[in-house]
Amino acid sequence: MQEFIDHIRSLDWMALATVWGSRVLLAIAVFVIGRILAKLIGRLIERVATRAKFDATLVRFLASLTVIALTIVAAIFAVDQLGVDTTSLIAVLGAAGLAIGLALKDSLANFASSVMIMTFKPFKPGDFVEAGGASGTVLDIGMFNTRMRTADNQYVVIPNSQITSDKTVNYSHEPTRRLSFEIGISYNNDIDAARKAILEVVAADERIKTDPAPSVQTWSFGDSAVNLMLYAWMDTAVFWDVRSDLLERIKKNFDDKGISIPFPQREIRYYKDIE
């Protein structure tokens, strides 16, 4: 014990204070400067990403992630100035990052998918889309999942990785949309008369565009009907209303003109064996 006390008394405390004081001050200076640079680089990334018209949520996240990563680097450099061996620290951080990455691989996949969605913008909130096995109006695009509301008012949450790994159909992307559906008429009916009856109904609806002009073409010969195909363009916002109205009015006009819409029929012939 006495030897330890004598050793303490023999130390040059002034020299130690000078050396360690300078190291501590240098470490603080390195960290502070690194922190300032991290914030400046984060703001620069935010400005560049904003000018590139990235999604606002993605811009904020990328800027924050950059600041955090550069702050950690600055802290490692600061610790190194104190004479601490940072090799082991970096190895520990690397191992921890690997373990976290493996544990959160599904979440990271969803995050990477959200970056793709926000960058390439296949849809935006308010669009009616079919994606990830569901269809509905997009409410919000999050960092890990996308939330939709279906036509029957169900709330659906879809992982972003499920969206990017499958086909996405955006029904709201274009301002106009073409309506096309088959209309079957009996083989006994006149095709020209049926075409005229369909176009009469179409011409009476002001929501249907005249350029391109609507058309009715003979599509196929079915088992019990001649199938005609109607093509007509309209604004996307009124597509479903127009479709429903056309179906009803075409049926009524066919009834008035004696044009029948046949249903599947099967003719059965019964033969009696004659001895």
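Visitor: Where is the place of P212?

Guide: Helices (H or I, at least four residues) and strands (E, at least two) are DSSP runs, numbered from the N terminus. In this case P212 lies in the loop between α7 and β7 (215–221). The model is predicted, so local features need pLDDT of at least 70 and side-chain atom pairs count only at pLDDT 80 or more, while totals for chains, interfaces and linings use all residues. Residues are numbered from 1 along each chain as its sequence is written, and side-chain values use heavy atoms, with hydrogens and water left out.

Visitor: Is the peptide bond from D211 to P212 cis or trans?

Guide: Most peptide bonds are trans, and most residues other than glycine have a negative phi. The bond from D211 to P212 is cis, its omega being near 0°.

Visitor: What is the phi of K121?

Guide: K121 has a positive phi, near 50°, although this residue is not glycine. K121 is placed in the loop between α5 (105–120) and β1 (128–131).

Visitor: At what angle do helix α7 and helix α8 pack?

Guide: Axes are lines fitted to C-alpha atoms, for helices over the stretch in contact, and angles run from 0 to 180 degrees between N-to-C directions. Helix α7 (residues 191–203) packs on helix α8 (residues 239–257) at about 135°, and their axes are 9 Å apart.

Visitor: Which residues in α7 and α8 meet?

Guide: On the α7 side they are A194, A197, I198, E200, V201 and V202, and on the α8 side L246, R249, I250, N253, F254 and K257, where contact means heavy atoms within 4.5 Å.
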